[in-house]
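Here are my notes on the model you sent. Please keep the structure open as you read.

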Amino acid sequence: MNNNKTDIYNELILKDWTTNINDNENSLVQYNELPTYETFIRECLLKNRPALFTAKCGLMNQWSCITEWLNKDRTEPDFDRLINLYGHMTVPVTKCSLNITEYNTDENKLTMRFDEFVNLWRNNETASEYYCKDWHLQKMSDETKSLFYTIPIYFQSDWLNEKCLAENEDDFRFVYMGGNGTNTPVHMDVLGTYSWSANICGQKRWRFSKPYSIEFIQQPGDILFVPSEWYHDVTNIGYTISINHNWFNAFNIFRIWKHLCLILDDIEHRIEDCRSIMSDTWYEHCQLILQANEGMNFPSLYKLLYIIAQRRLKENNNEQTKFDLWMIDKLIQNMLHTTAFLHACDFDTFPQRPKALLKQIHSFIEKQKQ
Ligand SMILES: O=C(O)CCC(=O)C(=O)O
């Protein structure tokens, strides 16, 4: 079944699908069998609603990390094998303790050799403290050509990682390994992105707290879709391994843009008093702070849109290509009406000026109509 084929894109373009989706679905969709991609779009992406693909869907059945990383009965990590495979690598580790509830503070972050981490992990069965997280293992493994999982179709349209891989930059594809009680405090994902989290072993207790409270346990073999801008915290139960991506695409790109605009507003307020002394460079300075805080600013978001657009323009025309280009067009037009974008960006330094890119997209779309 090619469940990627769908007419929904034309329908959304015709309706001029508004990007202001209200998060008014307060429950988790549970899939025990595979929905079509179109069903997932309608039930989750358009409604910004969380979904759990349970192990019954079999999305992870063929993943080699299950056979490579777990013991024979697939209940726990095969610690020795993991050390054999990755023991020499340096990994990011967070020291979890009950009195640190703030998300992503530097004071509890460290790095260590992976074999050192595994020994701490395996010897603290009941009360683990060290959580190996945000490990870019897939990117490192790409170099040795060993792919240990495949991305389910529902999450394949991913502009963020597509751009990072095309530009050979740090990506947003992570492996997490931790013991009982290790946790990630309440947060919203970086830039307001979506995430998906596939549980390889152990259990994870998820709590969504905003905009709605939902609590549930993710079992091994379950994959969770986390919508944009939903606050959540996660606690591991037992020896837990998971794979997780942050991502965005045509369905939440306006949320990313609005998120950047909101953070910029805040930055502008905070350094308003320097405005008169900095005059010309004040807008640029705000963008520098935005980039430092969020890992993205207006010029770098534009560059991402340019890269995705150029890749789509080279593709065979299909409905999804057209939809992606249509959304990029909408967003760039919106950016061109934003004062800070016009003031802070030197279009001469861009790989292509925004108006020229819009023209190229329009002529591609017109050509397809003929
Ligand atoms: O698994 C974790 O500890 C955190 C994962 C998470 O926050 C996410 O996938 O958005």
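Which residues of H8 are buried? Point 2 answers this, after a word on the model.

1. **Basis.** The model is predicted: local features need pLDDT of at least 70, side-chain atom pairs count only at pLDDT 80 or more, and totals for chains, interfaces and linings use all residues. Residue numbers start from 1 along each chain as its sequence is written.

2. **Helix H8, burial.** The buried residues of H8 are Ile-253, Arg-255, Ile-256, Trp-257, His-259, Leu-260, Leu-264 and Ile-267. Buried means 20 or more other C-beta atoms within 10 Å of the residue's own, with C-beta atoms placed from the backbone. These residues pack against helices H10 (282–294), H11 (298–314), H12 (319–335) and H13 (339–344). Contact means C-beta atoms, placed from the backbone, within 7 Å.

3. **Helix H8, length.** H8 covers residues 253–270, and its end C-alpha atoms are 26 Å apart. The expected span is 1.5 Å times one less than the number of residues. Helices are DSSP runs of H or I, at least four residues; strands are runs of E, at least two; both are numbered from the N terminus.

4. **Domains.** The chain splits into domain 1 (22–247) and domain 2 (253–369). Nonpolar here is Ala, Val, Leu, Ile, Met, Phe, Trp, Tyr, Cys and Pro; charged is Asp, Glu, Lys and Arg; the others, Gly among them, are polar. The bounds come from an automatic or database domain assignment.

5. **Core.** The largest nonpolar core has 82 residues. Phe-117, Cys-132, Phe-225 and Phe-298 have the most contacts inside it. The core draws at least three residues from each of domain 1 and domain 2. A core is a set of buried Ala, Val, Leu, Ile, Met, Phe, Trp, Tyr and Cys residues joined through C-beta atoms within 7 Å. Cys-132 touches residues including Val-91, Phe-117 and Tyr-176, leaving aside those up to four places away in sequence.

6. **Ligand.** The residues around the ligand include Tyr-176, Asp-189, Lys-204 and Asn-244. Strands S8 (194–210) and S11 (231–247) each give two or more residues to this shell. By class, the shell has 3 nonpolar, 5 polar and 2 charged residues. The cut-off is a C-beta atom, placed from the backbone, within 6 Å of the molecule.

7. **Leu-45.** Leu-45 lies in helix H2 (residues 37–45). Leu-45 counts as buried because it has 23 C-beta neighbours inside 10 Å.

Technical notes
A residue is buried if 20 or more other C-beta atoms lie within 10 Å of its own, exposed if 12 or fewer, and partly exposed in between; C-beta atoms are placed from the backbone. Two residues are in contact if their C-beta atoms, placed from the backbone, lie within 7 Å.
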